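These are my notes from one sitting with the model.

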Amino acid sequence: MTESYTTTDLQGVLPLIARGKVRDLYEVDSKTLLFIATDRISAYDVIMQNGIPNKGILLTLCTRKWFEILTTALPTLRTHFLTLDLPPQIPAALRPVLQNRSMQVRKLRILPIEAIVRGYITGSAWKEYQTHGTVHGIAVAAGLRESEAFPGGPIYTPSTKAELGEHDENIHPDKAVEIVGEPYASTIASLSVQLYKIAHEYALTRGVIIADTKFEFGVDEETGEVVLADEVLTPDSSRFWPKDSYEVGRGQASFDKQFLRDWLVQEGLKGKEGVAMSEEVVQKTSEKYREAWERITGGDN
């Protein structure tokens, strides 16, 4: 099987800014960062010991495709994406493994919330609804069934953006206003829902339902504009369901890391550190990521 690429080492040619759950960030210059998507995978906020081969490449190519789709549909949208080309400082020996898993992006002040949009009631939202009749503290229609579309359309349900190793916390949109302030909070809320609707409509034409997704935004310090950042609409940041088997009233099959999550729960490993995935889990998860990428992009590089 292809080796997974889980740790970056640029041999000192660019300074390392941060290591996230999946991405390593390096500084190219005062206005530019290099985002490298590794093959690391996390579940329940814990990074697995081994990775999913080529996952970082699929995430990066998927993100680039979505940036094209979203900016075509919404020409006023600004994103942090610059190019898939590697900066000239990268040595020739490192280029093969870094190509197509790396994006040069504009440096921004990242706003400290996860902008989650939910079109369907599932996951943690379904659990909260069953107990309290709310989603992120927001009152929603009574009598909804699992996986049902929200009758009034998608809803904005932000969460905190936790430090590595900590857990994100679901919050009410009013709390997001307290955290990032206005006008950023209102801009993020309306833009997130708008982007979700564009993506949802496109994905349906490819046989995929986007049940929910997470966006991140930054601020261009020179202009004050809100800019779409990080990865977008990948199996890491979204819940993708196959349209042809969708059925209200139950959980759905999904093109994401649900297979890994289910395995962790079954094995009593949920939330535990130092877990290595079995070969079967690696293979099945890899297949789900590839299928999502092929459906969304048509397999185009």
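**Helix packing**

I began with α1 and α5: α1 passes α5 in a right-handed crossing. The model is predicted, and I read everything below with that in mind.

I looked up the geometry of this pair next. The packing angle of α1 and α5 is about 110°, and their axes lie 10 Å apart. An angle from 65 to 115 degrees counts as roughly perpendicular, so I noted α1 as roughly perpendicular to α5.

Which residues of α1 meet α5? I listed Lys65, Trp66, Ile69, Leu70 and Ala73 on the α1 side. Their partners in α5 are Leu195, Ile198, Ala199, Tyr202 and Ala203. By class I found nine nonpolar residues, no polar ones and one charged in the contact of α1 with α5.

I turned to α1 (residues 55–73) against α7 (residues 279–297). These helices pack at about 20°, with 10 Å between their axes. Angles under 35 degrees count as roughly parallel, so α1 is roughly parallel to α7. I recorded the crossing of α1 and α7 as left-handed.

The α1 side of this contact holds Lys55, Leu58, Leu59, Leu61, Cys62, Lys65 and Trp66. From α7 come Tyr289, Arg290, Trp293, Ile296 and Thr297. I sorted the residues of the contact of α1 with α7 into eight nonpolar, one polar and three charged.

The last pair was α6 (residues 258–266) with α7. I noted an angle of about 155° and axes 8 Å apart. Angles over 145 degrees count as roughly antiparallel, so α6 is roughly antiparallel to α7. Phe259, Leu260 and Trp263 of α6 make the contact with Glu280, Val281, Lys284 and Thr285 of α7. The residues of the contact of α6 with α7 divide into four nonpolar, one polar and two charged.

**Domains**

I checked how the chain is divided. Domain 1 spans 16–106 and domain 2 spans 109–255. Their centres, taken over C-alpha atoms, are 21 Å apart.

How many residues of each domain are in contact with the other? I found 27 residues of domain 1 in contact with 27 residues of domain 2. The area buried between domain 1 and domain 2 is about 2100 Å². Carbon and sulfur atoms give 65% of that area.

Most residues other than glycine have a negative phi, and most peptide bonds are trans. I looked for exceptions.

Where is the cis peptide bond? I found it joining Glu182 and Pro183, with omega at about 5°. Pro183 has its place in the loop between α4 (173–180) and α5 (184–205).

His136 was my other entry. Its phi is positive, about 55°, although His136 is not a glycine. I located His136 in the loop between β10 (134–135) and β11 (138–139).

Definitions and conventions:
Residues are numbered from 1 along each chain as its sequence is written. This is a predicted model: local features need pLDDT of at least 70, side-chain atom pairs count only at pLDDT 80 or more; totals for chains, interfaces and linings use all residues. Side-chain values use heavy atoms; hydrogens and water are left out. Axes are lines fitted to C-alpha atoms, for helices over the stretch in contact, and angles run from 0 to 180 degrees between N-to-C directions. Helices (H or I, at least four residues) and strands (E, at least two) are DSSP runs, numbered from the N terminus. A crossing is left-handed if the near helix is turned anticlockwise from the far one by less than a right angle, and right-handed if clockwise. Contact means heavy atoms within 4.5 Å. Ala, Val, Leu, Ile, Met, Phe, Trp, Tyr, Cys and Pro count as nonpolar, Asp, Glu, Lys and Arg as charged, and the others, Gly among them, as polar. Domain bounds come from an automatic or database domain assignment. Buried area is the accessible area (1.4 Å probe) that two parts lose on being put together, summed over both.
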